[in-house]
Amino acid sequence: MTELEIARSGINEIDEKMAELFEKRMNLVVQVANYKQKNGMQVFDSSREKQVIDRCVQYIKNIDLQPYYVQFIQHLMDISKNYQHKLLEGAKVAYSGIEGAFANIAAKKIFPDAVLVPYGNFEAAYEAVENGECDVAVLPIENSYAGEVGQVSDLMFMGKLYVNGVYSLKVSQNLLGVKGSKIEDIRCVISHNQALEQCAKFIQNHNWETKSFCNTARAAKEVAEMDDKTIGAIASAETAKIYGLEVLASNINENSSNTTRFAVFSKVQEEIITKEDYGTFIMMFVVKNESGSLVKVLEVIGKYGFNMRVVRSRPLKDSQWEYYFYVEAEGKLSSENSQKMLKELADKCQMLKVLGSYNLDKKLH
């Protein structure tokens, strides 16, 4: 054999071994895809990819070969992602509203390969996951201008689902009208309560009447069906395209940084934080009916060094003048320190519920 033939023979042997290892790797990718579907996780995780590349490049002793190996690993992960996308086709994601609603837009960005299933309200979408109709639900939990979404908070408190991801979507509200209408024609605007609140100043400046609707996309659809030049809807620009409306005014929300946070709800609670000291967890609790009980609970959280990013209260539906509390805190839920904190909190709370943990909010583009 020539020197070339010997080299090619060696390459063939390595290729055979690599093919076997590739098949084993892709079989594990199936397990990863199944896990992500159950836990409502996106296929792409930039922090995980960086970890893999940083770890793998250390295996290459020849420095000249390291940048080529990075390309090899990146290409391999791209293949893995493509395969996961294929495997996740058909996963069902529940959301409240219809096509064009901000929840629909968020769900589509988080799960581009899934089947999006619309429901008439938050409760129906949430229950669709509880009863197994859908794999996960994407629901809004808070708006940067209008505050918490109380109905969803109550579902989180009373329901059985966990939160395994929170995503931030920048919301741009627009005034939509039927074809041929002008802003001067509008006498009344319809939309979801939060959208009307986000655009209150713009509405007041034009002295328009308002009518509340269950969500922005349904309001847009209603305007299209009425075909009345005097009635406008406040919704996304995407909705205008879907229902054949014209955008009469763009970005009319008072706050230019208007953002809505959407949570992914699933039946399974998993720790998906990738760094020991990084992430956020959510818990809800009811304090004992004793003097200073809330202060004692907050002191416990502070004592163990957890920074509370969000703290708010909501009234209990079945107990007058009593409240439950919602807390988002920074830290790793499975750490020994947090487990000690939860054990101490359980002794000081009438009820304590952990909703789940996730990496810090991911922005949807």
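Phenylalanine 72 is located in helix H3 (residues 66-87), helices being DSSP runs of H or I with at least four residues and strands runs of E with at least two, numbered from the N terminus. The model is predicted, so that local features need pLDDT of at least 70 and side-chain atom pairs count only at pLDDT 80 or more, whereas totals for chains, interfaces and linings use all residues. Residues are numbered from 1 along each chain as its sequence is written, and side-chain values use heavy atoms, with hydrogens and water left out.

With a relative accessibility of 39%, phenylalanine 72 counts as partly exposed (buried means under 20% relative accessible area, exposed over 50%, partly exposed in between; 1.4 Å probe, protein chains only). By contrast, helix H4 (residues 102-110) is mostly covered, seven of its nine residues being buried. Among these buried residues are Phe102, Asn104 and Ile110.

An open sheet of mixed pairing is formed by five strands in the order S8-S7-S9-S6-S10, where pairing requires at least two bridges found by DSSP between two strands. Strands S8 (209-213) and S10 (246-249) stand at the edges with a single partner strand each, so one side of each is left without a neighbour in the sheet. On average, neighbouring strands of this sheet are turned by 35° against each other, direction ignored; axes are lines fitted to C-alpha atoms, for helices over the stretch in contact (heavy atoms within 4.5 Å), and angles run from 0 to 180 degrees between N-to-C directions. Strand S7 (residues 188-192) runs parallel to S8 and is joined to S8 by five bridges. Isoleucine 190 has lysine 211 in S8 as its bridge partner.
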